[in-house]
Amino acid sequence: MKEAMLYSQLADGSVECSLCHRRCRIPKGSIGFCGVRKNVDGVLYSLVYGKAIAAHVDPIEKKPLFHYHPGSAVMSVATVGCNFRCKFCDNWVISQSKEIEGIDFPPEKVVSASLRYGCHGISYTYTEPTIFFEYAYDTARLAKEKGLFNTFVTNGYMTPEAVKAISPYLNAATVDFKGSGDPKFYRELMSVPDPEPIFETLKEMKRCGIFVEITNLVVPKYGDDLEKLRELASRIVEILGRDTPFHVLRFHPDYQFYEVASTPVSTLEKAAQVVMDVGLRYVYVGNVPGHRLEHTYCPKCKEVLIERFSFDILKWRLTADNSCPKCGERINVVGTFQRGGSKWLSLI
Ligand code: SF4
C-alpha cells in the first residue's frame with residue numbers, strides 16, 4: 001500500500017479523492033468506486049502500487065499513437081481497477097476485477113526492464129492509469145531521468161489537478177472516447193454521469209504541452225450516430241486543432257456486449273469521412289488491418305507518407321524534418337521513425 005496523492009481529509013474521518021471526476025467521498029474502512037483506493041483511519045491508500053497485472057512490450061502504434069515517435073517500443077503496464085464500467089470493455093477481466101491481484105513490479109524494475117528490452121518509452125495502459133496514479137507517477141519520474149518518454153492511454157476523466165501533477169513527466173496521451181462522447185451513451189453503457197469533464201482534460205493537456213491523439217470507438221446501433229460524431233470532431237478541432245490525429249475504432253463483441261456484431265467497415269468509412277469533413281487532417285480507421293486509412297497521407301497533396309499494416313510501419317517517406325517529400329508540407333509528427341527495439345514481449 002502507498003499513501004495516495006491528491007486527496008483531502010474531511011472532519012468526520014472520511015476522505016475525498018480528487019484524482020478523477022467522481023471525487024469519491026470515502027468513509028473510514030471503505031474503498032472508492034475504482035475498487036483500488038482505501039480509507040484506512042482517515043488516510044487514503046493506493047492498493048495497487050507496484051502491482052502490475054500486465055507488462056508487455058508493444059509497438060507504440062498499438063496505443064494507438066501514430067504521430068508520437070512512430071515505430072517505438074513501449075513498456076506497457078497496468079494494474080487492476082477502473083473508474084468506468086463499460087459494458088463492452090475488452091479488458092474487463094482486469095479492469096473490473098474485484099480482487100487486488102498483480103505481481104510485484106515496482107517503478108525501478110519497470111524502468112530497468114524497459115531499458116533492458118530496448119524500449120523508447122513507457123505506456124500506462126490497458127486499464128485507466130488515473131486509478132494507479134501514484135505508481136504511474138513514480139515510474140514516469142524515474143523513466144524521464146533515464147531518457148524514456150511516458151504516455152497515458154486514458155478515458156480522460158482525470159481532474160485538472162491530476163493532469164497538472166503528472167504533466168512534467170507525461171509526454172503524450174491517447175484519449176479514448178466511446179459512442180462519440182454522447183452523454184446518454186456514457187450514462188447508460190459506461191455508468192459515467194457526464195462526459196463533459198473529458199473536454200476540460202483535453203484543454204488542460206493542451207495547456208501543459210502534452211501531445212494528444214484521440215480515439216472514438218464506434219459501437220453499432222448504440223454509438224454510431226454520425227451527427228454526434230460530427231459534434232465530437234468539431235469540439236476536437238476547437239480545443240486541440242485540426243492537426244490532432246483522430247482514430248475511428250472498430251468495436252468487437254466482448255464482455256456484456258457479445259450479442260452486438262463488430263462494426264461494419266462501411267460504417268467506419270462513413271465515420272472517418274465525417275471526421276475529415278469537419279476538418280481534421282489525420283484520420284485513421286483502427287482495428288481493420290490492411291485498411292487504406294491505416295496510412296498517414298499528406299493533408300495537402302495526399303501522398304502516402306507513412307505506410308502501415310496494423311501496428312507495423314512498412315514504409316517511411318517523411319523528410320528528416322518531418323515534411324512531405326513531394327509538396328513540402330510540415331506533418332504533425334513528433335520524433336522520427338524509431339527502428340529496432342524488442343516488440344511483442346509479454347513479461348506479466
Ligand atoms: S480515482 Fe477512484 S477513488 Fe478516486 S475519485 Fe476516481 S473512482 Fe473515486
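These exercises work through strands, loops and a ligand site in a predicted model.

Residues are numbered from 1 along each chain as its sequence is written, and side-chain values use heavy atoms, without hydrogens or water. Local features need pLDDT of at least 70, side-chain atom pairs count only at pLDDT 80 or more, and totals for chains, interfaces and linings use all residues.

**Exercise 1. Find the order of the strands in the open sheet of 3 strands, and its edge strands.**

Step 1. Strands (E, at least two residues) are DSSP runs, as are helices (H or I, at least four), and they are numbered from the N terminus. Two strands pair if DSSP finds at least two bridges between them.
Step 2. The order is E1-E6-E5, with antiparallel pairing.
Step 3. E1 (2-3) and E5 are the edge strands; each pairs on one side only.

**Exercise 2. Describe strand E5 and its pairing with E6.**

Step 1. E5 spans residues 37-40. Its covered face holds Arg37 and Asn39, and its uncovered face holds Lys38 and Val40.
Step 2. In a regular strand, side chains alternate between the two faces of the sheet.
Step 3. E6 covers residues 43-46 and pairs with E5 in the antiparallel sense over 4 bridges. Asparagine 39 has leucine 44 in E6 as its bridge partner.
Step 4. The hairpin of E5 and E6 has 2 residues between the strands.

**Exercise 3. Locate the cis peptide bond.**

Step 1. The bond runs from lysine 63 to proline 64, with omega near -10°.
Step 2. Proline 64 is in the loop between E8 (54-59) and E9 (73-78).

**Exercise 4. Sort the shell around the ligand by residue class.**

Step 1. A residue is near a molecule if one of its heavy atoms lies within 4 Å of it.
Step 2. The surrounding residues include Cys17, Cys20, Cys24, Cys34, Arg22, Arg23 and Arg37.
Step 3. The shell divides into 6 nonpolar, 2 polar and 3 charged residues. Ala, Val, Leu, Ile, Met, Phe, Trp, Tyr, Cys and Pro count as nonpolar, Asp, Glu, Lys and Arg as charged, and the others, Gly among them, as polar.

Terms used
Buried < 20%, exposed > 50% of the residue type's maximum accessible area, 1.4 Å probe, protein only.
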